[in-house]
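The following exercises are to be worked through with the sequence and the structure at hand. Each task is followed by a solution in steps.

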Amino acid sequence: MGNIQPRRLVTASGQPIVIRTAWPEDAERIVAFVKAVAAEASYLLTTASEVTITSEQQKQWLQQMMDDPGKLAIVAEQEGDIIGFLDFHNGNKQRTKHQGAFGMSVKNSFRGQGVGKALLATLLEWATEHPFIEKVCLEVVADNTNAIRLYQKFGFVEEGVKKNAAKIDDKTYWDLLLMARFVN
């Protein structure tokens, strides 16, 4: 099961937050969060116009995440508002189920406050409690130095580069760094 015990923490600016499992009942608020972050985040690969998931689809997806022992969806919440989201998916084949990748996003106004750090620490703790998960992977825009520093602090190392993997406009491309950490 992709569930965690809720964690109560305080951001760098002193605001109390909770890190907890994303429940199907959170679907509408998560859709709103994803739309808001897609509109404000400079390094996300998904654009705001591409966020077309309905609350019902999100609810079904969150239930599937909860029902699968190799998947995890967690939120960071501040006074009832979702301010961060992380989802992890392990491989769906016999030879790849030992590893998986995650995506994470945090609201602009909470970046640099320890929210991403708390989400990532929670993921890694969960992964180490699941011995069949051996490796946690990610892709990050090569220019996103703040995120890369965070991942390096948690022991992630670069495994490769996908050159010009994201096309921003006719003349602008982003490289994506492949990073990973062994947990078991």
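**Exercise 1: Strand β6 and its neighbours**

Strands β6 and β8 (residues 173-182) pair in the antiparallel sense over seven bridges. The model is a predicted one, in which local features need pLDDT of at least 70 and side-chain atom pairs count only at pLDDT 80 or more, while totals for chains, interfaces and linings use all residues. Residues are numbered from 1 along each chain as its sequence is written, and side-chain values use heavy atoms, with hydrogens and water left out.

Task: Determine which residue of β8 stands opposite V140, and how β5 and β6 run.

Solution. 
Step 1. Helices (H or I, at least four residues) and strands (E, at least two) are DSSP runs, numbered from the N terminus. Two strands pair if DSSP finds at least two bridges between them.
Step 2. Opposite V140 lies L177 of β8.
Step 3. β5 and β6 run parallel and are joined by three bridges; Q99 has K135 in β6 as its bridge partner.
Step 4. Together with helix α3 (residues 115-128), β5 and β6 make a right-handed β-α-β unit. Right-handed means that, with the strands pointing away from the viewer, the path from the first strand over the helix to the second runs clockwise.

**Exercise 2: The hairpin**

Task: State how many residues the hairpin between β7 and β8 passes through.

Solution. 
Step 1. Strand β7 (residues 157-167) is antiparallel to β8, with seven bridges joining them.
Step 2. The hairpin from β7 to β8 goes through five residues.
Step 3. K167 has Y173 in β8 as its bridge partner.

**Exercise 3: The faces of α1**

Task: Identify which residues of α1 are buried and which are exposed.

Solution. 
Step 1. Helix α1 (residues 27-40) has 14 residues and reaches 20 Å from its first C-alpha to its last, close to the expected 20 Å, which is 1.5 Å times one less than its number of residues.
Step 2. Its buried residues are A27, I30, V31, F33, V37 and A38.
Step 3. Viewed down the axis of α1, these fall within an arc of 160 degrees (taken from the directions from the helix axis to the C-beta atoms), so they line one face of the helix.
Step 4. E28 and A39, on the other side of α1, are exposed, that is, over 50% relative accessible area.

Terms used: Buried < 20%, exposed > 50% of the residue type's maximum accessible area, 1.4 Å probe, protein only.
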